[in-house]
Amino acid sequence: KRAELSLKGVAKPEQVLYGGPVRGESAMVYKDEIGSRVQHTYQVYNQGPWRVSNLEIHIEWPFQVANTKPLGKWLLYMEEKPYIEALSGGECFMAPNQVNPLGLVDRPGLLEVPLDGSTPVPPYNVSQEGNGEGQRTRRRRDAEMVVTAETYKDKDGRVHRVVNMNCLLGTAKCFKFRCVVYNLQKNQEATISIRARLWNSTLVAD
């Protein structure tokens, strides 16, 4: 017995901005000090003709920028365990150090604006705008690989530097985890939501 499945993913918001001072992780207490929130959502739809009793989805998550050292700089910091919305339920299985490994907390009384907008994922692209003048030169770090940014001009003459952080290309360090959707019937869908923050200081420093 077989079932035809479709999978699509979106990310919110469509564009993420970064800037400001560089903050070390040891100085952080609250999650909002990391940077902008992002949410990746994956939808699985069962087109039938049969149900799927246990559907496993394997995900690679780009949590650090790739380099030649054991630990890289943070990229997408997962702040809570992914959750599944499905009629028969489901669960994501994570290693203890994959979700909020620094133990950061929500800032009391902080009300953040809901996420909106969407764009296809992966890979995850971030960009920084400039006029092409006064750009800081990237210094070579001792025995550390640096992901090269691609530069292009738009129709208005503004310069954009785009860095492609991709698990398959080796430009990001990624960890793997799996999610299981239980008893997905014909014409039913399940949604996996992953909430994270883009590590602002990594992008500003580089």
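Biologist: Which residues is M78 in contact with, leaving aside its neighbours within four places in sequence?

Modeller: In this predicted model, where local features need pLDDT of at least 70, side-chain atom pairs count only at pLDDT 80 or more and totals for chains, interfaces and linings use all residues, M78 touches W61, M94, Q98, V99, N100, F175, F177, I194, R195 and A196. Contact means heavy atoms within 4.5 Å. Residues are numbered from 1 along each chain as its sequence is written, and side-chain values use heavy atoms, leaving out hydrogens and water.

Biologist: Happy to hear it! What makes the pair of F63 and F175 tilted?

Modeller: Rings of Phe, Tyr and Trp (its six-membered ring) pair if their centres lie within 6.5 Å; planes under 30 degrees apart are stacked, over 60 edge-to-face, and the rest tilted. Here the centres are 5.3 Å apart and the planes at 40°, so the pair is tilted. The whole structure has 6 aromatic pairs, and ring pairs join F63, W74, Y77, F175, F177 and W199 into a cluster.

Biologist: Why does this pair tie together parts 112 residues apart in sequence?

Modeller: Because F63 lies in strand 3 (residues 52-65) and F175 in strand 11 (residues 172-184). Strands are DSSP runs (E, at least two residues), numbered from the N terminus.

Biologist: Are F63 and F175 buried or exposed?

Modeller: Both are buried, meaning under 20% relative accessible area, with exposed over 50% and partly exposed in between (1.4 Å probe, protein chains only).

Biologist: What makes R178 a charge over the ring of F93?

Modeller: The rule asks for NZ of Lys or CZ of Arg within 6 Å of the ring centre and within 35 degrees of the ring normal. The charged end of R178 is 4.6 Å from the centre of the F93 ring and sits over it.

Notes:
Helices (H or I, at least four residues) and strands (E, at least two) are DSSP runs, numbered from the N terminus.
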